[in-house]
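Subject: Structure for your files

Hello,

Here is the structure you will be working with. My notes on what was found in it follow below.

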Amino acid sequence: MPPKKRVSAEKATPAAKKATAPAEKASPASKKASPAAEKATAPAEKASPASKKATPASKKASPASKKASPASKKASPAAEKATAPAKKATPAAKPESRTALVRRARKIDRELAEIYPYAHPELDFENPFQLVIATVMSAQTTDLRVNQTTPALFAKYPTPEDLAAANPEDVEELIRPTGFFRAKTKSIMGLAKALSEDFGGEVPGRVEDLVKLPGVGRKTAFVVLGNAFGRPGITVDTHFGRLVRRWKWTEETDPDKVEKAVGELFPKSDWTMLSHHVIFHGRRICHSRKPACGACPIAPLCPAYGEGETDPEKAKKLLKYEKGGFPGQRLKPPQSYLDAGGKPAPPLGGTPGDTTG
Ligand code: SF4
């Protein structure tokens, strides 16, 4: 389903349902794998040296298949895809070649695009000003908490000029729920002042200008460029860094070096959606402490398979947000997300979903 990846989140189709449903149903892969599962297996086997050489993952993957319970007859394609392919993998001897790495990385992204065709930035925003402020506020907290806080902030201060001229104590009170509210008040008011004084009240659309703004680093700059200006950018947040290291796309830990290394594996035009796919996967399935390997559709391509829970039933219980049947992070998610069964996040003080990540 190649076109989906290229489609913007807003345009994503009901195919999203297909992607959501499997994970919710994610149960053990069956020995009686369906044609879909067989189809799913084939690409991994064909996936050149990457798959064949992925012995650690493959060897670890097999037990997951063997553990399959009777419930597996109902296994969804995604769940089957997650476990079935490992059995035919062969032991590896050589390190993965550069070509194989590029192929495997791109295959992972293509699979993620099928799993999350509705992937999107998880901060609510209506214009570049709101996005840059929300991104700065998202440090040390969840996007959900920022989304629950910004409606009142932007209702009171809709423009950079309004925010720059605000009483700091009023701003502190409004953004208190995001934590570090005094420091963040200083940051966002300083940013608003710079926007109104140096850029005529407009958010600049070039990385070299964005990083001159107080509190804006490359990560924030690329979030803004990619999502408010449609310019390609890789967003290396905590999820992105963790996952690409698990996948052995790079061993770098410095975000700028990770950005460069991963950027070399993909065409520029893929960068923004790649970032969303990876971050979506990190938040929903490949968690920091307990990755849900047994419910992970890209397990056959992952050298870190087995780092987390491999039992499909137990892994299923670790899934978050729409994959686990919980609300998402955005109060106003794109329609494609809702069409796929995603639920909007509750407002501040509403019934909480999962607030991690
Ligand atoms: S959950 Fe993460 S570590 Fe586990 S198989 Fe999936 S991508 Fe790999």
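**The ligand site and its surroundings**

Cys-302 lies in the loop between H17 and H18. Please keep in mind that this is a predicted model. Cys-302 has 26 C-beta neighbours inside 10 Å, and since 20 or more are needed to count as buried, Cys-302 is buried.

Cys-296 is also in the loop between H17 and helix H18, the latter covering 312–316. Cys-296 counts as buried because 33 C-beta neighbours fall inside 10 Å.

The ligand is surrounded by 14 residues, and the closest are Cys-286, Pro-291, Cys-293, Cys-296 and Cys-302. By class, the shell around the ligand has 11 nonpolar residues, one polar and two charged.

**Helix H17 against helix H7**

On the H7 side the contact is made by Asp-109, Leu-112 and Ala-113, and on the H17 side by Met-273, Leu-274, His-277, Val-278 and His-281. Five of the residues in this contact are nonpolar, two are polar and one is charged.

**The chain as a whole**

The protein chain has 20 helices and zero strands. Of its 357 residues, 52% are buried. Taking contacts between residues at least 6 apart in sequence, 71% join residues at least 24 apart.

Is Asp-198 buried or exposed? Asp-198 sits in helix H12, which covers residues 181–198. Asp-198 has 12 C-beta neighbours inside 10 Å, and because 12 or fewer means exposed, Asp-198 counts as exposed. Along the chain, Asp-198 and Leu-213 are 15 residues apart, and their C-alpha atoms are separated by 9.3 Å.

Regards

How values were computed
Residues are numbered from 1 along each chain as its sequence is written. This is a predicted model: local features need pLDDT of at least 70, side-chain atom pairs count only at pLDDT 80 or more; totals for chains, interfaces and linings use all residues. Two residues are in contact if their C-beta atoms, placed from the backbone, lie within 7 Å. Helices (H or I, at least four residues) and strands (E, at least two) are DSSP runs, numbered from the N terminus. Ala, Val, Leu, Ile, Met, Phe, Trp, Tyr, Cys and Pro count as nonpolar, Asp, Glu, Lys and Arg as charged, and the others, Gly among them, as polar. A residue is near a molecule or strand if its C-beta atom, placed from the backbone, lies within 6 Å of it.
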